[in-house]
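Please keep the sequence and the 3D view at hand while reading.

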Amino acid sequence: MTLTFNPEKYKELLISYLPKIIKTEAENEQALAIVEDLMHRKRSPEEDELYQLLITLIEKFEQEYYEINQQNDPQSMLLFLLEQSNKSKVDLQAVLGSESFVDNILNGREKITLELAQKLGEFFHVEADLFHE
């Protein structure tokens, strides 16, 4: 037996959930909660359509939001990659120089120059643009 899509039921779901373009983290969290609920049950065709719509809206928000944050915050990207790569401050010192210089970069007191960005890109095997505004 094939389940058929019922536009009226879908309309009721849309009215109930009111999906829209996600613009804030709070709205994203709300959409994620709905997706989480829908994910763990057998969905009707209408619920599946809503589920796919919400996933698309969440992905769009997260791509734009997190891409913007990454571009504007080289220090956060550096800290993230440092943590994810299981490398230490000492490893960075071997590439960048003194402990105080590395501390200043990690704390945002020292800007990452284009030359430093290139060194960091080589060190982490990523694009240097991640570290330079």
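The side chains of Glu47 and Arg41 are joined by a polar contact of 2.8 Å; a polar contact is a pair of N or O atoms within 3.5 Å, where, within protein, one must be able to donate a hydrogen and the other to accept it, and residues adjacent in sequence count only if both atoms are side-chain atoms. The model is predicted, so local features need pLDDT of at least 70 and side-chain atom pairs count only at pLDDT 80 or more, while totals for chains, interfaces and linings use all residues. Residues are numbered from 1 along each chain as its sequence is written, and side-chain values use heavy atoms, with hydrogens and water left out.

- Glu47 belongs to helix 3 (residues 45-72); helices (H or I, at least four residues) and strands (E, at least two) are DSSP runs, numbered from the N terminus.
- With a relative accessible area of 14%, Glu47 is buried; buried means under 20% relative accessible area, exposed over 50%, and partly exposed in between (1.4 Å probe, protein chains only).
- A polar atom of the Glu47 side chain lies 2.9 Å from the backbone nitrogen of Ser44.
- Not counting residues up to four places away in sequence, Glu47 touches Leu13, Leu38, Arg41 and Lys42; contact means heavy atoms within 4.5 Å.

- Val35 is part of helix 2 (residues 25-39) and is buried, its relative accessible area being 6%.
- Tyr51, Leu54, Ile55 and Ile58 are touched by Val35, not counting residues up to four places away in sequence.
- Val35 and Leu53 are 18 residues apart along the chain, and a distance of 9.7 Å separates their C-alpha atoms.
- Gln30 also lies in helix 2, but Gln30 is exposed, with a relative accessible area of 55%.
- The C-alpha atoms of Gln30 and Leu130 are separated by 30 Å, and these residues are 100 residues apart along the chain.

**Positive phi outside glycine**

- Asn86 is not a glycine, yet it has a positive phi of about 60°.
- The loop between helix 4 (74-84) and helix 5 (89-96) contains Asn86, which counts as exposed because its relative accessibility is 73%.
- His125 is likewise not a glycine and has a positive phi of about 60°.
- His125 is placed in the segment after helix 7 (114-124), and with a relative accessible area of 71% His125 is exposed.
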